[in-house]
Amino acid sequence: MESADPTSTHQLALRMAELARDIATPRSLGQVLADVTTAAVELIPAADIAGVLLIKGGGEFESVADTDSLAAQLDRLQHEFGEGPCHDAALKQTIVRTDDLRNEPRWPQYAPAAVEHGVLSSLSFKLYTAERTAGALNLFSFRADPWDTEAETIGAVFAAHAASAIMAGRHGQQMQSALSTRDRIGQAKGIIMERYGVDELRAFDLLRRLSQESQLKLVDIAQRVIDTRGDG
C-alpha cells in the first residue's frame, strides 16, 4: 500500500487541531458538526457529500450538519424503509461501508432508491452518543468503489470529533439546566425566608416537604413559589 501523501497528512493534522479548538470554544453544536462534515468532504477525496444522522429514543430521525440537502433526503429514505447504511451504523455496527449500491443486497429498498438519486456508495461511522440517542457520521459518493483504508481512517477520526462535540454539547446543556434549577430553588428559599421570617434551612425543609406531599419535583415547587410570590 502506498504511503500517505505528506501534504494531505499535514492538512489533516491542521484541521484536527482546528476542530479540537472548536469543541473547546463556546459555539453551537450545529456549527461544530458542520465544520466536521465540511472538513470530511475537503479531506476525503471520495466523499462528495456528508452529514450526521441522530436517532432519538422514540425512533425520531434528525439530520444535522449536511453539506448538501441530499444527505437529509437519504436519511428520510432510511427512516421510511427502516434500513440503510446510516441506520445500521447508528444502531448496530461501528463502520458500515458499501462500495456499489447497485449490487447491494443488505438494503433491498434503500439501495435502488439511493442509486436513483445518483449515490453509488457510502461510508458510515457510529457516533458513541448516550442517553437514548444514537448517531452516525455519513459520507456519500457519486462513484462506485471509491473508498480505501485512508478514507476509513480519516472518517473514523472525524467521527470521534463529532461524538466529542455531541457529548460536550449535552454536558453544557446539563450544566445550564442544573444552574437554572439551583437558581430557582435559591430564589424560592429567599421568598419563603422573607415571607415567613425563617432561616435558610427551615425554608428548604418547607420546600422539600411540599415536594414530597404533592409528589412534584422540588424545582417545580420552587417555580410555583416564585410564580405566586405576589399573591400574599
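Trainee: How many bridges join strand β1 to β2?

Mentor: Keep in mind that this is a predicted model. β1 covers residues 49-55, and β2 runs antiparallel to β1. The number of bridges joining β1 to β2 is 4.

Trainee: Which strands stand at the edges of the sheet, each with a single partner strand?

Mentor: There are 5 strands in this open sheet, paired antiparallel, and the order reads β2-β1-β5-β4-β3. The strands at the edges have one partner each, so one side of each has no neighbour in the sheet. Those are β2 (61-64) and β3 (95-98).

Trainee: What angle does helix α2 make with the direction of β1?

Mentor: From one strand to the next, the sheet twists by 20° on average. α2, residues 29-43, packs on that sheet and touches β1, β2 and β5 (134-141). Its direction and that of β1 make an angle of about 140°.

Trainee: Which residues of α3 are buried?

Mentor: Look at what lies over the helix: the cover of its buried residues includes β1, β2, α4 (85-91), α5 (110-116) and β5. Residues three or four places apart on an α-helix point the same way, because there are 3.6 residues a turn. In α3 the buried ones are Leu70, Ala71, Ala72, Leu74, Asp75, Leu77 and Gln78.

Trainee: Which residue follows α3 with a positive phi?

Mentor: Start at the other end, where a side-chain oxygen of Asp68 comes within 2.8 Å of the backbone nitrogen of Leu70. α3 then runs over residues 69-81. After α3 comes a residue with phi near 70°, and that is Gly82.

Notes: Residues are numbered from 1 along each chain as its sequence is written. This is a predicted model: local features need pLDDT of at least 70, side-chain atom pairs count only at pLDDT 80 or more; totals for chains, interfaces and linings use all residues. Side-chain values use heavy atoms; hydrogens and water are left out. Two strands pair if DSSP finds at least two bridges between them. Helices (H or I, at least four residues) and strands (E, at least two) are DSSP runs, numbered from the N terminus. Axes are lines fitted to C-alpha atoms, for helices over the stretch in contact, and angles run from 0 to 180 degrees between N-to-C directions. Contact means heavy atoms within 4.5 Å. The expected span of a helix is 1.5 Å times one less than its number of residues. Buried means under 20% relative accessible area, exposed over 50%, partly exposed in between (1.4 Å probe, protein chains only). A polar contact is a pair of N or O atoms within 3.5 Å; within protein, one must be able to donate a hydrogen and the other to accept it, and residues adjacent in sequence count only if both atoms are side-chain atoms.
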